[in-house]
Amino acid sequence: MMELVCPAGTPASLRAAVDAGAHAVYCGFNDETNARNFPGLNFSPEELAEGIAYAHDRGAKVLVALNTFPRAGGEVLWHRALANAESAGADAVILADLGLLDYAATHHPNLRRHLSVQAAAANPDAINFYAATFGVRRVVLPRVLTVDEIRAINREIDVETEVFVFGGLCVMAEGRCSLSSYATGRSPNMNGVCSPASHVVYSEETDGLRARLGDFTIHRTPKGQPAPYPTLCKGCFTSGEQTGHVFEDPVSLDATQLIPALAKAGVTALKIEGRQRSRAYVAEVVRSFRAAVEAQAAGLPLPQGALARLAEGQAGTTGAYAKTWR
Amino acid sequence: MTLDGTELPRCPRAIALAMRPLPLPVLGVALTQFARRVTDSHPGLLRRLGPYAQRTVLIDPTDLPFAFWLDPEAGPRISAHRRHRAPAADARIAGPVAALIGMLHGRFDGDALFFSRDLTIEGDTEAVLALRNALDDAELDLSEELIRLSGPAGALLRRLLAGVERVSGLPLHRDDRNGGFA
Ligand code: SF4
């Protein structure tokens, strides 16, 4: 069966994911060492150890994301996080930075290393380099590849691949996007936040909901229409004569129906985005995907997705997997 | 909209009308006492809120006759106000009482309620997110907390709350469904 890798922003979500059938849960510490550094989210070292014990008792794994890029002079925070993850009993760490990968391979050789999507390793040469140099055992592929490209990559590498199947969609090659830095001075790569809440202001106005990020209006959503996150790449902007979603529509990824094709393409694990979401969401989505991977493993038809209402824009896309980029 | 795609229940008008004459200062004191008992028995809640406990939030259940001003750091402290006379707060979160309690009880997802426009956020977005995430992690069951604090009257209260939940459709208890794979 394909491995289901599920998000947990809090200990309660971790337990909800495990109880709902997650094979593995990924989470991070409550600081800038991970790319979901949101208010009120994430784990202290003690909470992580308890969460891992809970998961292991029930046969699930815990992967710890340390997937931001350490600041020069501030590396000790990331080094300490690696040591804390190992002593808490993490099954793997998910890393993006070359220096941190090297440090982990040298100082924590027995701690399994996965390459984060933030590293944007999108071809066999890059992946083989990470595998040979740092002993990376699994690569989370960036969300810019088609299923055919994933198959081609898997033919030329010896490590496992993990792909996103559901949730918020980062439409650029991960780790390379500077939109959030440009607008707010804070980025997913350095601070673990894209379009951070600290810079978001919503206001209900006569023409609907206005969402601002720093000095920029990202959306005006008329009454009754689904509201999106105030994410820069999914904003509605005026450029020249045109007003519209210049980069990408505010929809989120749902690749449920591509699970058989991804399995055939050699993918080991399916990842669900959403560490910022509630335990109710995590339980619902994990339950649904567990049923889907079980059906796939048994050669049965996949259950029809009923998760669109939970998604941003309340609409799903298969993203780049079946590419129709404009 | 709820997780299973159905419309959110509204607080029945009869209940909202019956609440109208409640004296606001007394309501505030009772809610403050209740909130303090809850945070005493869930110390992780304020810990998770961290520095965001300093931010005040106006919680505005749009189908009830009042709004609640919450200062987490002051104990916490809650005061009740008529909607148009509520004091300023760092942030405001508004929606039907079912959305607010349902989120607290792990029945609904806050982001999904925001996407569907059932929930409105204004002001300090960080404060709202921190509060929502800390409450989500606390796995509260407000009815059970109330029953626990009611001593010998608890059994009667349990029956009463179950009746109100059945008739109104309001999510008055935590969702304890297990995925079945554990
Ligand atoms: S702005 Fe969009 S593409 Fe860029 S990091 Fe944020 S989510 Fe990803």
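**Figure 1. Across the interface of domain 1 and domain 2 of chain A, the rule finds 0 salt bridges.** A salt bridge here is a side-chain nitrogen of Lys or Arg within 4 Å of a carboxyl oxygen of Asp or Glu. Polar contacts do turn up across the interface of these two domains of chain A, in 2 residue pairs, both at pLDDT 80 or more (N or O atoms within 3.5 Å; within protein, one able to donate a hydrogen and the other to accept it, with sequence neighbours counted only if both atoms are side-chain atoms). By class, the side of domain 1 of chain A that touches domain 2 of chain A has 5 nonpolar, 7 polar and 5 charged residues (nonpolar: Ala, Val, Leu, Ile, Met, Phe, Trp, Tyr, Cys, Pro; charged: Asp, Glu, Lys, Arg; polar: the others, Gly among them).

This is a predicted model, in which local features need pLDDT of at least 70 and side-chain atom pairs count only at pLDDT 80 or more, while totals for chains, interfaces and linings use all residues. Residues are numbered from 1 along each chain as its sequence is written, chains are lettered from A and ligands numbered from 1 in the order in which they are written, and side-chain values use heavy atoms, without hydrogens and water.

**Figure 2. Here is how chain A splits into two domains.** Domain 1 of chain A covers 3-169 + 251-317, and domain 2 of chain A covers 179-244, with bounds from an automatic or database domain assignment. Taken over C-alpha atoms, the centres of the two domains of chain A are 26 Å apart. In this view, 17 residues of domain 1 of chain A are in contact with 11 residues of domain 2 of chain A (heavy atoms within 4.5 Å). Together the two domains of chain A bury about 1,200 Å², and carbon and sulfur atoms give 48% of that area (accessible area, 1.4 Å probe, lost on being put together, summed over both parts).

**Figure 3. Now look at the residues around the ligand.**

**Figure 4. Chain B meets chain A.** The contact takes 42 residues from chain B and 48 from chain A. Between them, the two chains bury about 3,500 Å², with 51% of it on carbon and sulfur atoms. There are 5 salt bridges between chain B and chain A. Find Arg277(A), which forms a salt bridge with Asp109(B), the closest N and O atoms being 2.7 Å apart. The rule also finds 17 residue pairs in polar contact across the interface of chain B and chain A, both residues at pLDDT 80 or more. Helix 6 of chain B gives the most to the side of chain B that touches chain A, with 10 residues (helices, H or I, at least four residues, and strands, E, at least two, are DSSP runs numbered from the N terminus). By class, that side of chain B has 15 nonpolar, 13 polar and 14 charged residues.

**Figure 5. A salt bridge joins Arg138(A) and Glu160(A).** Their side chains meet at 2.8 Å, N to O. This pair links distant parts of the chain, 22 residues apart: Arg138(A) belongs to strand 6 (residues 138-140) of chain A, and Glu160(A) to strand 7 (residues 160-167) of chain A. Over all chains, the structure holds 29 salt bridges.

Figure 6. The peptide bond from Gly75(B) to Pro76(B) is cis, with omega near 0 degrees. Over in chain A, Ala120(A) has a phi near 55 degrees, a positive value in a residue other than glycine.

Definitions and conventions
A residue is near a molecule or strand if one of its heavy atoms lies within 4 Å of it.
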